[in-house]
Each structure stands twice: as structure tokens, then as C-alpha cells.
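User: I'd like to learn how to read aromatic pairs in a protein model. Could you walk me through an example?

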Amino acid sequence: MRSQMQMGEYRRALAFASHTAGAHLEAPAAAALYAWLLRAGGQHAYATLVLEAAFQHNAADPVLVATRRAFADRVPKCHRNC
């Protein structure tokens, strides 16, 4: 995904992150990364839903806790159509 993002292939990176997060519920960091990519793409509400769904499976995971805190602390920059 890193190389895809570096090459400007956001949609491919997002698709891979979505698959990984959905197929590997035992890996909460995958859901956190997917949520970050969604948020980076301006899909703030869906990013929050993804993150909260991951909490249902792994509420004490430190990556999810840190991601939730970061989402709450940062005001997303407005992209198109804000």
C-alpha cells in the first residue's frame, strides 16, 4: 500500500486496505490503516464507522485507541465539496 500511495494510486491502496481489514478481523491495525486512508480521502464519517466497528472486536487494542484519539484531536482538512 505504501508504494501504491507513493505512486498516487489511492484507490488501489484503499481497495487493498479494505480487503485486508475485512478479511483479517484479528489484526486491528489493518482496520486502523483502512480508517486512516478513508479519512485521508475525505470519507470522514465512514472512516469513523470502520474504526468503531473494529472496536467491537478489539476494544483494548492500543493501535485502535491511539487512532481514535488522533481522530478526535485532529480537525480534518477540507477537500472538495466541504
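Analyst: Happy to; we'll start with the fold and then turn to the rings. This is a predicted model. Its protein chain has five helices and zero strands, and 29% of the 82 residues are buried.

User: How is a pair of aromatic rings described?

Analyst: A pair of aromatic rings is described by the distance of the centres and the angle of the planes. A search of the whole structure finds two aromatic pairs here. In one of them, the ring centres of Y34 and Y46 are 6.5 Å apart and the planes stand at 85°, so this pair is edge-to-face. Y34 belongs to helix α3 and Y46 to helix α4, 12 residues apart.

User: What geometry do W36 and F71 have as an aromatic pair?

Analyst: W36 and F71 are edge-to-face as well, with 4.9 Å centre to centre and 90° between the planes. W36 lies in helix α3 and F71 in helix α5, so the pair ties together parts 35 residues apart in sequence. W36 is partly exposed, with 32% relative accessibility, whereas F71 is buried, at 9%.

User: Which charged end sits over the ring of F71?

Analyst: That is R39, whose charged end is 4.4 Å from the centre of the F71 ring. Another arginine to look at is R68, which lies over the face of F55, 3.7 Å from the ring centre.

Conventions. Residues numbered from 1 in each chain as written. Predicted model: local features only at pLDDT ≥ 70, side-chain atom pairs only at ≥ 80, totals over all residues. Heavy atoms only, no water. Helix = DSSP H or I, 4+ residues; strand = E, 2+ residues; numbered from the N terminus. Buried < 20%, exposed > 50% of the residue type's maximum accessible area, 1.4 Å probe, protein only. Phe/Tyr/Trp six-rings, centres within 6.5 Å; stacked < 30°, edge-to-face > 60°. Lys NZ or Arg CZ within 6 Å of the ring centre and 35° of its normal.
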